[in-house]
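The sequence and structure come first.

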Amino acid sequence: MVKESEPCGRLEWRINVPDGTSRVLVPECMSHNRIYGVGGNAMWAVMTVVVVFEYTVGATLCKCVNRATGTFLAGALGLGVHWIASQSGEKFEPVILQGSVFLLAAAATFSRFIPSIKARFDYGAMIFILTFTLVSVSGYRVEQLFELAHHRLSTIAIGTSICLLTSMLFCPVWAGNELHNLIRNNMEKLSDSLDGCVADYFQDDVKANNTKSEASCKILQGYKCALNSKATEESLANFARWEPTHGGFNFGHPWKEYIKVGASLRSCAYCIEALNGSISSDTKAPDFLKKHFSEFCITLSGNSSAVLKELAVVISTMTKSSKIDVMVEEMRNAVQQLQNALASLSKQSIETTERETGESVNGMGEGNAIPTVTVVTLVEIVPLVTVSSLLIDIAARTEKVVETVNGLAEKAEFRVESAEKMKKCQNSKAVNQISRENEDDKTMMTLQKV
């Protein structure tokens, strides 16, 4: 996965330097090894480097292990089958060779359709089929096959070793680190998209058209990164399992938990996509209703966005947050307030104040404010109710994101915040409790006025 903030020149340098170094070192090593009888097969070592070298260390290690294992197993079985066939006489030799090729190649091909094997050993199965077929039907004598196998294994060992050393020592790109940053960036983009969508909906239409820029449109579309990252996440998680200990990630790090976090983020992103579509609808709600619901919707979206940003900090620092429970509780309270506002909308008549011109008792013309009942059609209410319902659904799915991140934090053994931060969090929790009680009183008074 390529970072968006990384300059193109630096990215090309990180990819080309290790690859070029490997291709230069292989012929150099092979030229010094001619006395051992393997120098004349430098082509196989160079081909190994070209085929197995990948962008991340995990992908390179995966291909190297698969190629070496597939070649060794296929060569050993091919030599065994070829020896047995040569000892069986001219009558049974072609039957044994053809039957073994059919059975083992069919079994290896079938194994490539098993999801667990295809994810990690698909390349090794393909190399097994090619090498076993080459050895079995080559027509060489057994002594010549031993020499051929010795050369092939030697050149592959040299090529894979140089690939691994250069990919780990020269500007290494770890698949685990890339996956970690990808999940964090998706959380931040979802948070920004949610804030941008709700703010864009409840601000004045004229002001929205004047202030909307290319940067703001890019922020609003940030949720699409989470929607389109499933294949990348699964690929990086698969390659990360091959990598040794690096940075803050140990061997056996729970990479599968990152896939669960990514799935929960996509579930949340689908709702944000629906919210963005509802906001872009041509049907508009009355301004007085939008003004009444704006406080509840903006509060809820702000709380949900704050939870996602806090989770991004948890992922980035690999530290358990002591504030996340308080923030989730605030989000639940905001959901309850919005639900109460929706319930009051369905039970009470909608009144507005219109200014009409009339004459007073003393005969002077004077504008009087006369309250009148305005009938709002169902079509006008539906967009606002849809936005409110989607925000409630986003809050519910944000809680699922919190659960998956907590599961990752437990299995990965994230650090715990210091005692001073926990004490500050407890003090802020008490302050937030008092402010929530005041907000509930204000909400009840507002509902009574409506």
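Q: Which residues are exposed on the other side of H4?
A: This is a predicted model, in which local features need pLDDT of at least 70, side-chain atom pairs count only at pLDDT 80 or more, and totals for chains, interfaces and linings use all residues. Residues are numbered from 1 along each chain as its sequence is written, and side-chain values use heavy atoms, with hydrogens and water left out. Exposed means over 50% relative accessible area, buried under 20%, and partly exposed in between (1.4 Å probe, protein chains only). On the other side of H4, the exposed residues are Val95, Gln98, Phe102, Leu103 and Phe110.

Q: Which helices do the buried residues of H4 pack against?
A: Helices (H or I, at least four residues) are DSSP runs, numbered from the N terminus. The buried residues of H4 are Leu97, Ser100, Val101, Ala105, Ala108 and Ser111. They lie on the same side of H4 because they cover an arc of only 120 degrees around the axis, taken from the directions from the helix axis to the C-beta atoms. In contacts (heavy atoms within 4.5 Å), they pack against helix H3 (57-87) and helix H5 (115-136).

Q: How many disulfides does the count come to?
A: A disulfide is taken as a pair of cysteine sulfur atoms within 2.5 Å. By this rule the count comes to zero disulfides. Cys163 is in none, and the nearest cysteine sulfur, that of Cys64, is 5.2 Å away. The number of disulfides is zero.

Technical notes
Helices (H or I, at least four residues) and strands (E, at least two) are DSSP runs, numbered from the N terminus.
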